[in-house]
Amino acid sequence: MSKVVIMNHPLIQHKLTLLRDKNTGSKDFRELLKEVAMLMGYEVTRDLTLEEIEIETPVVKTKSKVLSGKKLGIIPILRAGLGMVDGILQLVPAAKVGHVGLYRDPETLKPVEYYSKLPADIHERDIIIVDPMLATGGSAVAAIDVLKQRGAKNIKLVNLVACPEGIEEVEKHHPDVDIYVAAIDEKLNEHGYIVPGLGDAGDRIFGTK
């Protein structure tokens, strides 16, 4: 079963409150989302492997640790996921970034892939999927499907706000994918929005309606 990690760090919770506020404009929303993504990135990357190398400080030669093993891939779900990429890239600048674009078919209500561009060596990378909202879970499940079909094996899902229905959907289809969130909200409403949520993250990032 998926591990669900709720990040209750005071800075994350404070910035999440500002993100929820309807009076927060697009510029501040983008900056806050980037900051929260970076703070969440600390926890998401906690289990990266290290190796010891020898370096020379201004004082003496010594052994010290650097990242080793698999490299990272950051995969935003278009379009709102784009708002979380730069925060994690600031922590791990060498990570490769891929993109998965999905839209909901108006008749079947199922997500349809319209675009994907992924690192060629995705099967060798630890993958972090980012999307501010985990609502119905349909887009997250479809994105994970796309990545697994391309060879990805070690995948984590990072969302700002989730609801129980979305978490359950991901766990049902991909129990091997751990989920990292800043908050689990109450429910979905009849329009598929998370309650209390923060509205349409894409519209708030890019200033569209």
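Contact here means heavy atoms within 4.5 Å. Helices (H or I, at least four residues) and strands (E, at least two) are DSSP runs, numbered from the N terminus. This is a predicted model: local features need pLDDT of at least 70, side-chain atom pairs count only at pLDDT 80 or more, and totals for chains, interfaces and linings use all residues. Residues are numbered from 1 along each chain as its sequence is written, and side-chain values use heavy atoms, with hydrogens and water left out.

**Stop 1: helix α5**

Select residues 164-173, which form α5. Colour G166, I167, V170 and E171: they are the buried residues of this helix. Buried means under 20% relative accessible area, exposed over 50%, and partly exposed in between (1.4 Å probe, protein chains only). Now look down the axis of α5. The buried residues fall within an arc of 130 degrees, so they line one face of the helix. That arc is taken from the directions from the helix axis to the C-beta atoms. Turn to the other side of α5, where E168 and K172 are exposed.

What covers the buried residues? Show β1 (4-6), β9, α4 (138-149), β10 (154-162) and β11 (178-184), which are included in the cover.

**Stop 2: L134**

Move to strand β9, residues 133-134, and pick L134. L134 is buried, at 2% relative accessibility. Leave aside its neighbours within four places in sequence, and its contacts include G166, I167 and V170. Among the others are A140, L157, V161, I179 and I194.

**Stop 3: salt bridges**

Side chains of opposite charge can pair when their charged atoms come close. A salt bridge is a side-chain nitrogen of Lys or Arg within 4 Å of a carboxyl oxygen of Asp or Glu. How many salt bridges does a search of the whole structure find? It finds 11.

Select D203 and R79, whose side chains meet at 2.7 Å, N to O. D203 lies in α6 (201-206) and R79 in the loop between β4 (71-78) and α3 (82-91), so the pair ties together parts 124 residues apart in sequence. D203 is buried at 18%, while R79 is partly exposed at 35%.

Go on to K148 and D176, another salt bridge, at 2.8 Å, N to O. K148 is in α4 and D176 in the loop between α5 and β11, 28 residues apart. K148 is partly exposed at 29%, and D176 is partly exposed at 45%.

Finish at R125, which forms a salt bridge with D121. R125 is buried, at 4% relative accessibility.
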